[in-house]
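Biologist: Could we go through a few residues of this model together?
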Amino acid sequence: MDDTDKNIQCGSYFCLKMKDEETGEWRKLDEVIDNTAFTLETYMIQKDSHYEKVINFEWLYGKLEPGIYYIVKTVTDFRGIGDYTDYTYTAEICI
């Protein structure tokens with residue numbers, strides 16, 4: 001839910017990190033393909049509205065083992081050319 005007073009936007013890029021159960025540290029997952037590329041579309045998220053996107057992790061990371069992960073996603077408050085603020089959000093995922 002975009003509960004800010006702004007219309008924000010995001011692209012398709014994401015990354016996953018996994019929690020190392022022994023050390024408790026988060027580490028970025030290794031990608032299973034070389035030369036990863038994300039498309040450059042922009043998804044507009046209007047203030048006071050819901051946004052939902054299904055993300056396929058397997059093409060980039062392979063089959064995920066059971067564990068605690070978090071996804072990293074950046075959204076942008078774009079006010080005009082050269083006038084924007086990026087915010088990075090994370091969400092925990094348990095598999």
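Predicted model: local features only at pLDDT ≥ 70, side-chain atom pairs only at ≥ 80, totals over all residues.

Biologist: Let us begin with D77. Which strand is D77 found in?

Modeller: D77 is found in strand β5, which covers residues 68-80.

Biologist: Is D77 buried or exposed?

Modeller: D77 counts as buried, because its relative accessibility is 6%, and the cut-off for buried is under 20%.

Biologist: Which side chain does the side chain of D77 make a polar contact with?

Modeller: The partner is the side chain of R79, at 2.8 Å.

Biologist: And which residues does D77 touch, not counting those up to four places away in sequence?

Modeller: With those neighbours left out, D77 touches K6, N7 and I8, as well as D83, Y84, T85 and Y87.

Biologist: Turning to the surface, which residues form a nonpolar patch?

Modeller: The patch is formed by V32, I33 and W59, and together they have about 250 Å² of accessible area.

Biologist: Where does V32 lie?

Modeller: V32 lies in the loop between β3 (26-28) and β4 (43-45). V32 counts as exposed because its relative accessibility is 51%, the cut-off being over 50%.

Biologist: Which residues does R27 touch beyond four places away in sequence?

Modeller: They are L16, K17 and M18. For L16, eleven residues apart from R27 along the chain, the C-alpha atoms of the two are separated by 8.6 Å.

How values were computed
Residues numbered from 1 in each chain as written. Heavy atoms only, no water. Patch = residues over 30% accessible without salt bridge, like charges linked within 9 Å, V, L, I, M, F, W, Y side chains within 5 Å. Areas by Shrake-Rupley, 256 points an atom, 1.4 Å probe, with all protein chains shown as cover. Salt bridge = Lys/Arg side-chain N within 4 Å of Asp/Glu carboxyl O. Helix = DSSP H or I, 4+ residues; strand = E, 2+ residues; numbered from the N terminus. Buried < 20%, exposed > 50% of the residue type's maximum accessible area, 1.4 Å probe, protein only. Polar contact = N/O pair within 3.5 Å; in protein donor to acceptor, adjacent residues only side chain to side chain. Contact = heavy atoms within 4.5 Å.
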